[in-house]
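Here is a structure to look through. What stands behind the words used to describe it?

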Amino acid sequence: MHNVGIIGLGQMGRLHLYNCFHIDDVKVIAVADASKKSLNKAKLLGVRNLYSDYHDMLDNSDNLDAVIISLPNFLHLEAVKLALESGVDVFVEKPLARTVEECREIVNSVKKSGRKLMVGHCMRFLDAIEKMKDIIHKGRIGSLEVITAEEILNGPFSHAAVPTPVPEWWFDPEKTGGGVLLDLGYHMIDLFRFFAGEANVVFSCLDYKMNLPMEDGALVVLRCKDSDVKGIINVGWYQKSIFPNFNFRFIVHGNAGFTSTDHFIPKNLYFHAIKEGTKNLLRKIAGRKIKPLSYTYYYEQYFKELKLFFDCLKKDLEPPVTVIDGLKTVEIIHKAYQLADRTVKKGE
């Protein structure tokens, strides 16, 4: 049994808490959050050890095997380092940290501690992406030529049926480390690396449509370091959308064909939810394990990545998304920011 602590009970922290209930040999024994309301909800779900300060949790970490860190970007560095120093394995939400320097500090901490760390690059585990990866592996579209990745949403303004206040840190560039490029672009750049390998930044353009102190739109062109594969990254926070509407697509062009997420994502997500919900009900009646969040299609990736993290801990394997993956993704984003700044200054 792996005893787990969760640091941060915002939207993602609560989702990870729920997913842990469906993973064999994993038990959440502690949670930490500044919100009493969030702690009370965890208590109602059976979590016994509640902390308003995660430092207190880590000071009492003798019974912990791993922690899940789901905090604002500016708290990642300290929380990850303290967790590793406490002798526990770590799953941390993306981005790994705000800057290249912070990421390198975490890399050094992982090496020094000898513990395992996995970064939440969840979109690698989207069903459509997994199928596309298999198609590429089998050579069905020939050699890669161009990858297009785009995601246009409403960023921190996203909400469900009832709007909720946006935490103030979202609008502080010092605390976030960046805007939409570090938020959504992080995933798209990671997918390029996942399919094509390491990349250089050829072009970068940032937009400020909504008068925010950070970019709300970004267009980045990448070129693979070891081949001629190009990538076009298009991300934005400027489009009003409420789930299940999800403006995301990933297209891979080869010299013998192409494949796209549009080929695999359900055409009607409401029908998909009904179908998967019915399947889970039948599984439950038959005494079988359900597939958590499968009815949402997109959110199932969070369960799959977390289950894989714990599978790696049980088998003493290196997680598939390492601290180096987190570092290299932030390095590319940092280069894109630098290139965009130089372009703006040149234009002035």
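The questions below concern a predicted model.

Q: Why are H4 and H5 called roughly parallel?
A: The axes of helix H4 (residues 76-85) and H5 cross at roughly 5°. Angles under 35 degrees count as roughly parallel. H4 and H5 are therefore roughly parallel to each other. Their axes come within 9 Å.

Q: Which residues of H4 and H5 meet?
A: From H4 come Leu77, Val80, Lys81 and Leu84. From H5 come Glu102, Glu105, Ile106, Ser109, Val110 and Ser113. By class, this contact of H4 with H5 has five nonpolar, two polar and three charged residues.

Q: How do you know that the buried residues of H6 lie on the same side?
A: The buried residues of helix H6 (residues 127-137) are Ala128, Ile129, Met132, Ile135 and Ile136. They cover an arc of only 120° around the axis, which puts them on the same side of H6.

Q: What is the phi of Gly139, which follows H6?
A: The phi of Gly139 is positive, near 70°.

Q: Why is Leu293 called buried?
A: Its relative accessible area is 6%. Buried means under 20%, so Leu293 qualifies. Leu293 is found in the loop between helix H9 (269-285) and helix H10 (300-315). Leu293 has a positive phi of about 65°, although it is not a glycine.

Q: What makes Tyr297 count as buried?
A: Tyr297 has 6% relative accessibility. The cut-off is under 20%, so Tyr297 counts as buried. Tyr297 is placed in the loop between H9 and H10. Its phi is positive, about 65°, and Tyr297 is not a glycine.

Q: What is the omega of the peptide bond between Lys94 and Pro95?
A: Omega is about -10°, and the bond is cis.

Q: Where is Pro95?
A: Pro95 lies in the loop between strand E5 (89-93) and helix H5 (100-113).

Terms used: Residues are numbered from 1 along each chain as its sequence is written. This is a predicted model: local features need pLDDT of at least 70, side-chain atom pairs count only at pLDDT 80 or more; totals for chains, interfaces and linings use all residues. Side-chain values use heavy atoms; hydrogens and water are left out. Buried means under 20% relative accessible area, exposed over 50%, partly exposed in between (1.4 Å probe, protein chains only). Helices (H or I, at least four residues) and strands (E, at least two) are DSSP runs, numbered from the N terminus. The arc is that of the directions from the helix axis to the C-beta atoms. Axes are lines fitted to C-alpha atoms, for helices over the stretch in contact, and angles run from 0 to 180 degrees between N-to-C directions. Angles under 35 degrees count as roughly parallel, over 145 as roughly antiparallel, 65 to 115 as roughly perpendicular and the rest as oblique. Contact means heavy atoms within 4.5 Å. Ala, Val, Leu, Ile, Met, Phe, Trp, Tyr, Cys and Pro count as nonpolar, Asp, Glu, Lys and Arg as charged, and the others, Gly among them, as polar.
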